[in-house]
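Reader: I have a model open beside its sequence, and I would like to learn how to read it. Could you walk me through it feature by feature?

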Amino acid sequence: MGSYAGVIKRMAAWFIDYLLIITYAALLFGIASIVYILFFDGLPDTGRVADELIAFFTLVFPVFLYFFITESGIKHSTIGKRKMKIWIAATNGSSPTLFQVILRNVVKLLPWQVAHTFIFTGMHNDWQISAFTWIIVVMFCYVLTITSFLLLCFRKDHRAVHDILADTVVLSDSQKKTKVFGYD
């Protein structure tokens, strides 16, 4: 099995992947703005649930698909991970199962989706949200994200929350990858 991917490689891979995601989001925003201006004379009032579904299926779900397709593919790595020569594996060194890849990415994207849901709820309720709800949502999103970052930095295997829950690990050293997964 390859060695554990270090913090710098994982953060660099994350940075590359999020540059791609930000580029996609900016293009999506630009296209949506043009469509709303040309066909709707501004943002249509579609309601909270419709707004959330539109945001989920045009932004969050495509990002999930990017992670799922690339990490479940033969190379088990996103574009960022490929550039850094790292990949995901099950903790026993074998290829991750589809369930592991799905769980890993659902957990990784969960704070993002919770934040979107919270924002749409706030927008449709004129931000009349209880302090308790604010605290719970903010704590969930930040605690999960910060905990993942701290685990990534301080665990010897550099596994974040999504890796631990999905029983996966990010590995480095592409020469040993052929021995683990049995391909060149």
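**Reading the fold**

Author: Gladly. Buried residues make up 35% of the 184 residues in the chain, where buried means under 20% relative accessible area, exposed over 50%, and partly exposed in between (1.4 Å probe, protein chains only). This is a predicted model, in which local features need pLDDT of at least 70 and side-chain atom pairs count only at pLDDT 80 or more, while totals for chains, interfaces and linings use all residues. Residues are numbered from 1 along each chain as its sequence is written, and side-chain values use heavy atoms, with hydrogens and water left out.

Reader: Which elements make up the chain, and in what order do they run?

Author: Helices (H or I, at least four residues) and strands (E, at least two) are DSSP runs, numbered from the N terminus. Here the chain has seven helices and three strands. From the N terminus on, they run β-α-α-α-β-α-α-α-β-α. The C-alpha trace spans about 55 × 40 × 25 Å along its principal axes. As for contacts (heavy atoms within 4.5 Å), residues 24 or more positions apart account for 74% of those with a separation of 6 or more.

Reader: What is the order of the strands in the sheet?

Author: Strands of a sheet pair through backbone hydrogen bonds, either parallel or antiparallel. The working rule is that two strands pair if DSSP finds at least two bridges between them. In this model, three strands form an open sheet in the order β1-β3-β2, with antiparallel pairing. The edge strands are β1 (3–4) and β2, each pairing on one side only. β1 pairs with β3 (residues 168–172) over two bridges, and Y4 stands opposite L171 in β3. β2 and β3 pair over five bridges, with I86 opposite S172.

Reader: How many residues of β2 are buried?

Author: In a regular strand the side chains alternate between the two faces of the sheet. Five of the five residues of β2 are buried, so this strand is largely enclosed by the rest of the structure. I86, I88 and A90 cover one side, with W87 and A89 on the other.

Reader: Which residues of the largest nonpolar core touch the most other members?

Author: In soluble globular proteins, nonpolar side chains tend to be buried together. A nonpolar core is a set of buried Ala, Val, Leu, Ile, Met, Phe, Trp, Tyr and Cys residues joined through side-chain atoms within 4.5 Å. The largest one here has 14 residues, of which Y18, I21, V63, F67, I86, L109 and V170 touch the most other members. The elements giving two or more residues are α1 (7–40), α2 (48–72), β2 (86–90) and α4 (98–124). α2 gives the most, with five residues. Leaving aside neighbours within four places in sequence, V63 is in contact with I21, L109 and W112.

Reader: How do α1 and α2 cross?

Author: Axes are lines fitted to C-alpha atoms, for helices over the stretch in contact, and angles run from 0 to 180 degrees between N-to-C directions. The axes of α1 and α2 come within 11 Å and cross at roughly 150°. A crossing is left-handed if the near helix is turned anticlockwise from the far one by less than a right angle, and right-handed if clockwise. α1 passes α2 in a right-handed crossing. D17, Y18, L20, I21, Y24, A25 and L28 in α1 meet T58, L59, P62, V63, Y66 and F67 in α2.

Reader: And at what angle do α4 and α5 cross?

Author: The axes of α4 and α5 (residues 131–154) come within 9 Å and cross at roughly 155°. That makes α4 roughly antiparallel to α5; angles under 35 degrees count as roughly parallel, over 145 as roughly antiparallel, 65 to 115 as roughly perpendicular and the rest as oblique. Their crossing is left-handed. Residues in the contact include V107, L110 and P111 of α4 and W134, V137 and F140 of α5.

Reader: Is S148 buried or exposed?

Author: S148 lies in α5 and counts as buried, at 13% relative accessibility. Beyond neighbours within four places in sequence, S148 is in contact with A160, V161 and H162.

Reader: Where do H76 and K85 sit?

Author: Both are backbone cases to inspect. H76 is in the loop between α2 and α3 (79–83), with a positive phi of about 55° although it is not a glycine. H76 is buried, with a relative accessible area of 5%. K85 is in the loop between α3 and β2, and its phi is near 60°, a positive value in a residue other than glycine. At 51% relative accessibility, K85 counts as exposed.
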